[in-house]
Amino acid sequence: MKITDAKVLITSPGRNFVTLKIYTDEGIYGLGDATLNGRELAVASYLSEHLIPCLIGRDPFQHEDTWQYFYRGAYWRRGPVTMAALGAIDLALWDIKGKALNTPVYNLLGGKSRTGVMVYGHANGKDLEETVDEVGKYIALGYRAVRAQSGIPGIPSTYGVAKGKFHYEPAEKGLPPENIWSTEKYLLHVPKLFEALRLKFGDDVHLLHDSHHRLSPIEAARLGKSLEPYHLFWLEDAVTAELQEGFRIVRQHTTTPLALGEVFNTIWDAQTVISEQLIDYIRMAPLHAGGLTHLKKVASFAEMYHVLTGCHGATDLSPVSMAAALHFDISVNNFGIQEYMLHTKQTDEVFPHSYHFEAGFLHPGDAPGLGVDYDEKLASTFPYERAYLPVNRKLDGTMFDW
Ligand code: KDG
Ligand code: MG
């Protein structure tokens, strides 16, 4: 089999998505997600201008070699744009192989290690009371695990707290909105939220929280410690991890489980935090980690250090990414949990898919390949619109981490 062509498709059914479609001489095509939130056209151009010309004529079955060709073969490696482009190619090649062999991708990854993939939903509220109500709605829908984010008294806007509810979308059209942040107010508020949640819902439901890289190591240590009575499933992105060693401080002070890595691109970004057992869950997702080919290796490395997987699954990862994550989740032994933010109805229509939700678990379905298609005619009715994630400033105007 030979790759004959590839094209980059861009659509915005509620938010922007970039999709790579690779064609073969046997009429089979594969799909890869290439969406990088707020930087979509950079990946599209990297693919069209630099990678697609090198793909034509290659055998789609040799995807390990193709991965190494674009990674080891390149002088300029790594980074979110490069690895998202490589991830899109890799996902499309796994999709082609699954379709050609008439089997779901999870069978190529080792088969099923479990009956379903436990997911967590996103409960957001403008204040503590509203967040408690939102968590209740997810529990009523059958979710076993819920991430809870709440507005903070005294801060007018908080990233991670939705205006809409089930279809929360953090990127906004136009130029980046500016949010205001106060670590002091945040650290006082979050333990009260989780105390209220445990009082209302008891101990069985898994509760998660995301700090969005906004704390220093010692602040994260304090938060982790103050949340210990509420036994979180995880505290996510407590600290930015350019300095992986910073997690040593957090780890010395708290037993709250730590998750990290949705912005990581390669195993090198997580080498210290995994090998020193400074985290419990690695959040890299197939697309941003350069595809299933690389993520499999990250999972095997993590397995040696008792670190479980917890793939990023926000709305800026398209249904192609979600499907790839589910094939991975159901097959690896050291799976932990999968993030699941609902896409809009229009997105689901542009990307018809075989995965489905049942009683707190997602199932990848048994369609060959990744089990996702792309309705090009419908997609063309939703043109690209520039959109950005917000930026974040402290109360005194200082630029800060979002
Ligand atoms: O593109 C950024 C979003 O995917 C991110 O903000 C969502 O933090 C996030 C999460 O945990 O889903
Ligand atoms: Mg996050």
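**Figure 1. Right-handed crossing of helices α6 and α7.** In this predicted model, helix α6 crosses helix α7 in the right-handed sense, a crossing being left-handed if the near helix is turned anticlockwise from the far one by less than a right angle, and right-handed if clockwise. Helix α6 covers residues 183-201 and helix α7 residues 217-227; they pack at about 20 degrees, and their axes are 9 Å apart. Axes are lines fitted to C-alpha atoms, for helices over the stretch in contact, and angles run from 0 to 180 degrees between N-to-C directions. The two helices are therefore roughly parallel (angles under 35 degrees count as roughly parallel, over 145 as roughly antiparallel, 65 to 115 as roughly perpendicular and the rest as oblique). On the α6 side the contact includes Thr183, Tyr186, Leu187, Leu188, Val190, Pro191 and Phe194. On the α7 side it includes Glu219, Arg222, Leu223, Ser226 and Leu227. Contact means heavy atoms within 4.5 Å. Helices (H or I, at least four residues) and strands (E, at least two) are DSSP runs, numbered from the N terminus.

Residues are numbered from 1 along each chain as its sequence is written, while chains are lettered from A and ligands numbered from 1 in the order in which they are written. Because the model is predicted, local features need pLDDT of at least 70, side-chain atom pairs count only at pLDDT 80 or more, and totals for chains, interfaces and linings use all residues; side-chain values use heavy atoms, with hydrogens and water left out.

**Figure 2. Packing of helix α7 on helix α8.** Helix α8 (residues 246-253) packs with α7 at an angle of about 25 degrees, and the axes are 8 Å apart. The pair is therefore roughly parallel, and the crossing is right-handed. From α7, Pro217, Ile218, Ala220, Ala221 and Lys225 take part; they meet Gly246, Ile249, Val250 and His253 of α8.

**Figure 3. Strand β8 and its parallel neighbours.** Strand β8 (residues 206-210) has four of its five residues buried, so it is largely enclosed by the rest of the structure. Buried means under 20% relative accessible area, exposed over 50%, and partly exposed in between (1.4 Å probe, protein chains only). Strand β5 (residues 145-150) pairs with β8 in the parallel sense over three bridges; two strands pair if DSSP finds at least two bridges between them. Within this pairing, Val146 has Leu207 of β8 as its bridge partner. Strands β8 and β9 also run parallel and are joined by three bridges. Asp210 stands opposite Glu236 in β9.

Figure 4. Glu236 belongs to strand β9 (residues 234-236), whereas Glu262 lies 26 residues away in the loop between β10 (258-260) and α9 (271-275), and the pair links distant parts of the chain. Glu236 and Glu262 are both buried.

Figure 5. Three strands in the order β1-β2-β3 form an open sheet with antiparallel pairing. Strands β1 (3-11) and β3 (29-33) stand at the edges with a single partner strand each, so one side of each is left without a neighbour in the sheet. From one strand to the next the twist averages 20 degrees. Eight bridges join β1 to β2 (residues 17-24) in the antiparallel sense, and Ile3 stands opposite Thr24 in β2. Helix α1 (residues 40-55) packs on this sheet and touches β1 and β2; its direction makes about 175 degrees with that of β1.

**Figure 6. Two histidines with positive phi.** His213 is not a glycine, yet has a positive phi of about 60 degrees. This residue is in the loop between β8 and α7 and counts as buried, at 9% relative accessibility. His306, likewise not a glycine, has a positive phi of about 60 degrees. Its place is the loop between α10 (292-304) and β12 (308-309), where His306 is exposed, with a relative accessible area of 68%.

Figure 7. Asp59 lies in the loop between α1 and α2 (63-71). Its relative accessible area is 24%, which makes Asp59 partly exposed. Asp59 and Val307 are 248 residues apart in sequence, and their C-alpha atoms are 35 Å apart in space.
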